[in-house]
Amino acid sequence: MITVALPKGALLKDCIRLFQSVGLDFSAFLDKDNRQLQITDPTNRAKALLVRTHDVPVYVEYGQAQLGIAGYDVLREKTPQVAQLVDLKFGTCRLSVAVKADSPYQTTLNLPAHGRVASKFVHCAREYFDSIDLPIEIVPLYGSVELGPITGMSEAIVDLVSTGKTLKENGLVEIETLFYSSARLIAHPLSYRIDRDEISDLVAQIRNNVSLVTSQ
């Protein structure tokens with residue numbers, strides 16, 4: 001039986017719709033009265049684990065799940081030892097640098113050396129600022145990072161942006177995009193090789209159905 005790690009939150013509905021398109025039903029996770037964190041598909045072909053978004057690649061890397069769905073942003077930040085199999089085309093967003101709208105910093109190169117940037121994407125932020133050779137102090141924040149520039153704790157933030165509405169409502173503007181992100185189907189490399197036929201068939205079905213799911 002294949003085990004799949006599914007992320008709680010915004011991606012869950014699209015994940016469930018995707019697996020329904022290949023004959024696997026994990027919709028019980030959407031029941032508000034359901035408290036189970038592990039369920040089995042009615043056909044007994046697969047089971048699913050419901051975990052935090054950032055934990056999906058951990059369950060896959062350590063072999064508790066053969067497949068999982070995680071955002072590319074999570075994979076870039078966590079750098080897990082997993083195989084990225086399919087770009088699922090949903091959950092699209094971008095990781096961007098943002099500052100206060102009235103800030104004098106119009107580009108990232110205008111940011112002061114040894115200034116502060118707040119982010120929960122510490123690895124990605126560090127990698128980016130190292131790539132442009134700008135020494136910056138990364139302030140790890142895991143809540144509302146927008147408060148960094150608002151309170152004066154940081155000159156800028158590095159955070160995920162979808163519509164940009166939250167930034168606008170808090171008086172912030174984007175000045176640089178680091179990369180674009182979407183949901184990815186990932187696999188445990190060894191499991192993928194050992195159970196290749198069974199998993200490969202499911203992966204092929206998912207790959208063929210990506211456009212059907214994203215067009216709904």
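How many residues of domain 1 are in contact with residues of domain 2? Keep that in mind, everyone, and we'll get there.

A quick word on the ground rules. This is a predicted model, where local features need pLDDT of at least 70, side-chain atom pairs count only at pLDDT 80 or more, and totals for chains, interfaces and linings use all residues. Residues are numbered from 1 along each chain as its sequence is written, and side-chain values use heavy atoms, with hydrogens and water left out.

Let's start with the two domains. The assignment gives domain 1 as 2-91 + 182-214 and domain 2 as 93-180; such bounds come from an automatic or database domain assignment. Their centres, taken over C-alpha atoms, are 30 Å apart. Now the reply to my opening: 6 residues of domain 1 are in contact with 10 residues of domain 2, contact meaning heavy atoms within 4.5 Å. About 780 Å² is buried between the domains, and carbon and sulfur atoms give 54% of that. Buried area here is the accessible area (1.4 Å probe) that two parts lose on being put together, summed over both. On the domain 1 side, Asp73, Arg76 and Glu77 lose the most area to domain 2, together 69% of what that side buries.

Next, please look at the sheet. It is open and mixed, with 6 strands in the order β2-β3-β1-β4-β11-β5. Strands are DSSP runs of E, at least two residues, and helices are runs of H or I, at least four, numbered from the N terminus. Two strands pair if DSSP finds at least two bridges between them. At the edges sit β2 (38-40) and β5 (83-87), each pairing on one side only.

Follow β3 for a moment. With β1 it runs parallel, joined by 6 bridges, while with β2 it runs antiparallel, joined by 3 bridges. Of the 6 residues in β3, 5 are buried, that is, under 20% relative accessible area with a 1.4 Å probe, protein chains only. In the hairpin of β2 and β3, Asn44 takes a positive phi near 60°.

Find Phe26 on your screen: among the residues it touches are Leu6, Ile16, Phe19 and Ile39.

Terms used. Buried means under 20% relative accessible area, exposed over 50%, partly exposed in between (1.4 Å probe, protein chains only). Lists of a residue's contacts leave out its neighbours within four places in sequence.
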